[in-house]
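Here's a quick tour of a protein model for you. Have a look at the picture first, then follow the points below.

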Amino acid sequence: MDSLTNMRTECKSDFIQLRDKQYPCTVSLAMDLIGGKWKAVILYHLKDAAKRYSELGKEMPGVTERTLSLQLKQMEEDGLIYRKVYGEKPPIKVIYGLTEFGRSCIPLLNAILQWGNQVAEQQGEFVNR
């Protein structure tokens with residue numbers, strides 16, 4: 001076997017090209033898609049059912065409207081979520097849900113949830129406001 005066939009996926013080249021961006025490794029690519037304070041949280045809240053913007057906002061009281069709007073737009077552009085508009089004039093109904101690509105993140109989200117629960121139980125403190 002040559003060394004190229006034994007090479008791990010993340011090391012096949014110097015960069016990974018996805019759409020108009022280049023990444024130095026597959027971890028960097030993944031973190032760009034779901035990293036940051038809110039993207040994984042949004043995906044988590046959409047994993048069981050599509051939701052309206054206002055429902056997402058209520059489930060994430062710490063997020064600002066601007067941030068939620070920007071993150072949803074970015075995740076839609078990245079193909080993780082879809083946006084479906086019902087109606088033609090206000091009041092219109094807009095629903096957000098996971099695409100098939102977004103659904104592929106569910107095992108990762110579940111692992112993050114499990115680890116977060118473990119850290120919270122062992123080292124954290126639950127606080128009610």
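**Two crossing helices, to start**

The axes of α2 and α3 come within 7 Å of each other and cross at roughly 65 degrees. That makes α2 roughly perpendicular to α3, a label used for angles of 65 to 115 degrees, while under 35 counts as roughly parallel, over 145 as roughly antiparallel and the rest as oblique. Axes here are lines fitted to C-alpha atoms, for helices over the stretch in contact, and angles run from 0 to 180 degrees between N-to-C directions.

**Before you dig in**

- This is a predicted model, where local features need a pLDDT of at least 70 and side-chain atom pairs count only at pLDDT 80 or more, while totals for chains, interfaces and linings use all residues. Residues are numbered from 1 along each chain as its sequence is written, and side-chain values use heavy atoms, with hydrogens and water left out.
- The pLDDT is the predictor's confidence in each residue, from 0 to 100. The protein averages 89, and 92% of the residues score at least 70.
- Confidence is lowest in helix α1 (residues 3-6), with a mean of 49, and highest in α6, at 97. Where pLDDT is low, the predicted coordinates should not be read in detail.
- Helices (H or I, at least four residues) and strands (E, at least two) are DSSP runs, numbered from the N terminus.

**Helix α2 and its two sides**

- Which residues of α2 (residues 26-34) are buried? They are L29, L33 and I34, where buried means under 20% relative accessible area, exposed over 50% and partly exposed in between (1.4 Å probe, protein chains only).
- Seen down the axis of α2, these buried residues fall within an arc of 105 degrees, so they line one face of the helix. The arc is that of the directions from the helix axis to the C-beta atoms.
- Turned away from that buried side of α2 is a face with the exposed residues V27 and M31.
- The buried residues of α2 pack against β1 (16-18), β2 (21-23), α3 (39-46), α6 (100-103) and α7 (106-123).
- Where α2 meets α3, the residues are D32, L33 and I34 on the α2 side and K39, A40 and L43 on the α3 side; contact means heavy atoms within 4.5 Å.
- Just after α2 comes G36, with a positive phi of about 95 degrees.

**Helix α3 and its other neighbours**

- Six of the eight residues of α3 are buried, so α3 is largely enclosed by the rest of the structure. The buried ones are K39, A40, I42, L43, H45 and L46.
- α3 also packs with helix α5 (residues 65-77), at an angle of about 75 degrees and with the axes 10 Å apart. That makes α3 roughly perpendicular to α5.
- From α3, the residues K39, I42 and L43 meet L68, Q71, L72, Q74 and M75 of α5.
- α3 lies across β3, β4 and β5 too, running at about 100 degrees to β5.

**The sheet**

- Three strands form an open sheet in the order β3-β5-β4, with antiparallel pairing. The edge strands are β3 and β4, as each pairs on one side only.
- Two strands pair if DSSP finds at least two bridges between them. Strand β3 (residues 51-52) and β5 have two bridges, with K51 partnering Y96 and R52 partnering I95.
- Strand β4 (residues 81-86) and β5 pair over six bridges, and I81 stands opposite L98 in β5.
- β4 and β5 form a hairpin with six residues between them, and G87 in the turn has a positive phi of about 95 degrees.
- Five of the six residues of β5 (residues 93-98) are buried, so β5 is largely enclosed by the rest of the structure.

- L56 sits in helix α4 (residues 53-59). Is L56 buried or exposed? At 0% relative accessibility, L56 counts as buried.
- Leaving aside neighbours within four places in sequence, L56 is in contact with H45, L46, K51, L68, L72 and Y96. L56 and L46 are 10 residues apart in sequence and 8.4 Å apart in space, C-alpha to C-alpha.
- L108 is found in helix α7, and its 40% relative accessibility makes L108 partly exposed. L108 and Y44 are 64 residues apart in sequence and 9.9 Å apart in space, C-alpha to C-alpha.
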